[in-house]
Amino acid sequence: MQRELDLRPAVLTRTVQTLSALHYGNAKDGLGLIARTIVGLDGRHRTLRLTEKGEALVAAVSQAIYLRQDVRS
């Protein structure tokens, strides 16, 4: 993802931490929109997936965009 989006590693790490439930180095909790699972033995790679809360947000945004497009028609 880092190469595809042309992002620096630190930017991607902070963004993933904010979107997940745990935000390291910050007194605030993360948003809980994605879950991270460590892949491999070295612990450097992770699989990201939407949580139920993330799925609900995607559905709400998709519906809002769809309704807005209907209003313009």
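Setting aside neighbours within four places in sequence, Ser-20 is in contact with Gly-30, Leu-31, Gly-32, Ile-34 and Arg-36, contact being heavy atoms within 4.5 Å. Ser-20 sits in the loop between α2 and β1. With a relative accessibility of 3%, Ser-20 counts as buried; the cut-offs are under 20% relative accessible area for buried and over 50% for exposed, with partly exposed in between (1.4 Å probe, protein chains only). This is a predicted model, so local features need pLDDT of at least 70 and side-chain atom pairs count only at pLDDT 80 or more, while totals for chains, interfaces and linings use all residues. Residues are numbered from 1 along each chain as its sequence is written, and side-chain values use heavy atoms, with hydrogens and water left out.

As for the overall layout, the chain has three helices and two strands, in the order α-α-β-β-α along the sequence. Helices (H or I, at least four residues) and strands (E, at least two) are DSSP runs, numbered from the N terminus. The two strands, β1 and β2, run antiparallel and are joined by six bridges; strands pair if DSSP finds at least two bridges between them. Together β1 and β2 make a hairpin with five residues between them, and Gly-40 in the turn has a positive phi of about 90°. Across the pair, Ile-38 stands opposite Arg-46 in β2.

α2 (9-19) gives at least two residues to the lining, as do α1 (2-5), β1 (34-39) and β2 (45-50). The largest share, five residues, comes from α2. By type, the lining splits into seven nonpolar, five polar and four charged residues, with Ala, Val, Leu, Ile, Met, Phe, Trp, Tyr, Cys and Pro taken as nonpolar, Asp, Glu, Lys and Arg as charged, and the others, Gly among them, as polar.

Over the whole chain, buried residues make up 16% of the 73 residues.
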